[in-house]
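This report goes through selected parts of one protein model. Please keep the sequence and the structure in view while reading.

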Amino acid sequence: VIESFNREAGLIFLLAGSLFLIVDVFRGKKIRFDAIETTWLILLVIFAFSILYSLSFIRSFTETLRYLAYFFIFISFRNSDDKKRLISDFLVPFVIVNSFILSVVALLTFIPLIKIPMPLNTLNLYYPSFGHNRLSDMLIFAVPMTVGLYAFASHKNFKIIYFLLLIFFTVILFLTFSRGAVLALILSSCLVLLKIGNKLVNAGKLSGKINIIFKSAVIFGVIAIFYLVVNFINSNFLMNPPQYKGFSKPAMFELRLEYWRQAVESIKKYPFFGTGLDTFRYVSKKTQLRPSAWSFYTHNQYLEIFSETGFMGGLIFSLLIILLVLNAYANLHIDIDSDKKILNLSIFIALTASALHSIIDYDWQFLSVFMLFFICCNLLISKPLNPLLNLTKRYKTLLIMIFLAMGIVRIGLLSDSDRMIAKAENLSDNGNYDLALTVLNKAYLFDPNNNEIHKEYVWIYEQKNDPEKRHYWIQKAIEADSQDSDSLKIKDLIIH
């Protein structure tokens, strides 16, 4: 909820929370690293190194800090002695409560008489953007977990509450019009339940509670397939002319393949070190084949990491996700006391759906969604048994000091470039051009490929009647985004 209203506040909350967790773990325990943690460390080193070659220092620095926070959270939860309590008292309530609040807020935004302040940053979990509501990224977790709660509950009143919540979350999921989220949940349920179902049938242990999960998956699958078919027919054959609005999503307007092509072009150009984390937007603008065919994100987290950190970063990231999912599955032990593992099974379905959906969308760009994926994995896998590394007190302290230093630099010294641009615009609108240039120079230092900075320079030098510098920044803007710069080209042609 926090990041949906203020992403910067959400980032601070994530950093502070991860630091609190890791200090508590590091204080009294000997931490052992197996293949998963070791892979994590290698990935963090690659991410940190890619900052040096990044198209945007501030964005890549912030993203690396985010992954370091996830790493600390991962270690903390994995080394917990009471994972069962963390699942029942933290993870499930966190998902259910946040999903419910975000769903209610999303509904309220459609009531004209109720005014809810909309965040300037469209990267939030309740505001409809880019064709559908990002709330679907949370509901991928909430729907299967609610099924698990319903199946596991023994008290009649709790069953009624969980059933009503399940209906509510399912309806809201369909109302988000996110075909990808619905499809990912179908595929995840089918893959997991078919695999586990065969094992249980062969062992003769297909219990009543497990049957509830199976029946819920079948009912959801039938409704979802009907929903997807109706959506496809309505979008591509019944709309005349085709429109990209609400329930209508014609295939002719789909740009994912274009984004993936842009990412591949970036990999070809920067195969070793990439362009730096969170810089796809700059690559996309430079390589788009027609106007407005760019995106902030690749809509494929795995391909994006290849693009932004090179082959080695992409391979290690993909390996980490595979290790997490496979280890979580290996530790389900669903054939032993299967009724007691109902909630674990629903969590595994949720994290698998999130991993699948990230192949076609940008769920994991959300601070909380990617954190949820790691926490779900943590609580399903066992503690390290065959360590490759033992983390001594000296290295624990070093890790915390690095994290603290990066956090202080990011929060205290480095302001978000978008905020600096907004500040410069406000100053220039009030005629404070020199002060605006000072702010803009700082933004440009850490984010030199941000085309909004180039355009703001153009406007300021236009007001200052400096044609040479104006011409220079127009050329920089055109170089950064040639397809969307026709007005700048005409303006520059008239003057020069």
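## Trp-364 and its surroundings

Leaving out residues up to four places away in sequence, Trp-364 touches Arg-66, Gln-301, Tyr-302, Phe-317, Ile-321, Ser-354, Ala-355, Ser-358, Val-369, Phe-370 and Phe-373. The model is a predicted one. In it, Trp-364 sits in the loop between H13 and H14. Is Trp-364 buried or exposed? Its relative accessible area is 0%, so Trp-364 is buried, the cut-off for that class being under 20%.

The side chain of Trp-364 also forms a polar contact, at 3.4 Å, with the side chain of Ser-358. Asn-300 is 64 residues away from Trp-364 along the chain, and the C-alpha atoms of the two are separated by 9.5 Å.

## Helices H13 and H14

Helix H13 covers residues 342–357 and helix H14 covers residues 367–380. Their axes come within 10 Å and cross at roughly 140°. That angle makes H13 oblique to H14, since only angles over 145 degrees count as roughly antiparallel. The crossing of H13 and H14 is left-handed.

Which residues of H13 and H14 meet? On the H13 side they are Asn-344, Ile-347, Phe-348, Leu-351, Ser-354 and Ala-355, and on the H14 side Val-369, Phe-373, Cys-376, Cys-377 and Leu-380. By class, the contact of H13 with H14 has nine nonpolar residues, two polar ones and no charged ones. Several of these residues are also touched by Trp-364, among them Ser-354, Ala-355, Val-369 and Phe-373.

## The chain as a whole

The protein chain has 496 residues, of which 53% count as buried. Its secondary structure comes to 20 helices and four strands. Of the contacts between residues at least 6 apart in sequence, 76% join residues at least 24 apart.

Ile-75 counts as buried because its relative accessibility is 0%. From C-alpha to C-alpha, Ile-75 and Ile-22 are 7.4 Å apart in space, while in sequence they are 53 residues apart.

Thr-275 is found in the loop between helix H10 (256–269) and helix H11 (280–287). With a relative accessible area of 1%, Thr-275 is buried. Its side chain is joined to that of Thr-279 by a polar contact of 2.7 Å. Apart from neighbours within four places in sequence, Thr-275 is in contact with Tyr-53, Ser-54, Leu-55, Ser-266, Tyr-270, Val-283, Ser-307 and Glu-308.

Arg-281 belongs to helix H11. How does Arg-281 count, as buried or exposed? Its relative accessibility is 8%, so Arg-281 counts as buried. A polar contact of 3.0 Å connects the side chain of Arg-281 with the side chain of Asp-278. Not counting residues up to four places away in sequence, Arg-281 touches Arg-59, Trp-294, Ser-295, Phe-296 and Tyr-297.

Two packed helices are described by the angle between their axes and the distance between the axes. For helix H18 (residues 451–463) and helix H19 (residues 467–480), the axes come within 8 Å and cross at roughly 160°. H18 and H19 are therefore roughly antiparallel to each other, and H18 passes H19 in a left-handed crossing. In H18, the residues that meet H19 are Asn-451, His-454, Tyr-457, Val-458, Tyr-461 and Glu-462. They face Lys-469, Arg-470, Trp-473, Ile-474, Lys-476, Ala-477 and Ala-480 in H19. This contact of H18 with H19 divides into seven nonpolar, two polar and four charged residues.

H18 also packs with helix H16 (residues 417–429), at an angle of about 10° and with the axes 11 Å apart. That makes H16 roughly parallel to H18. Here Ile-421, Ala-424, Glu-425, Ser-428 and Asp-429 in H16 meet Glu-452, Ile-453, Glu-456, Trp-459 and Ile-460 in H18. The contact of H16 with H18 includes five nonpolar residues, one polar residue and four charged residues.

Notes. Residues numbered from 1 in each chain as written. Predicted model: local features only at pLDDT ≥ 70, side-chain atom pairs only at ≥ 80, totals over all residues. Heavy atoms only, no water. Axes fitted to C-alpha atoms, helices over the stretch in contact; angles between N-to-C directions. Helix = DSSP H or I, 4+ residues; strand = E, 2+ residues; numbered from the N terminus. Parallel < 35°, antiparallel > 145°, perpendicular 65-115°, else oblique. Left-handed = near helix turned anticlockwise from the far one by under 90°. Contact = heavy atoms within 4.5 Å. Nonpolar A, V, L, I, M, F, W, Y, C, P; charged D, E, K, R; others polar. Buried < 20%, exposed > 50% of the residue type's maximum accessible area, 1.4 Å probe, protein only. Polar contact = N/O pair within 3.5 Å; in protein donor to acceptor, adjacent residues only side chain to side chain.
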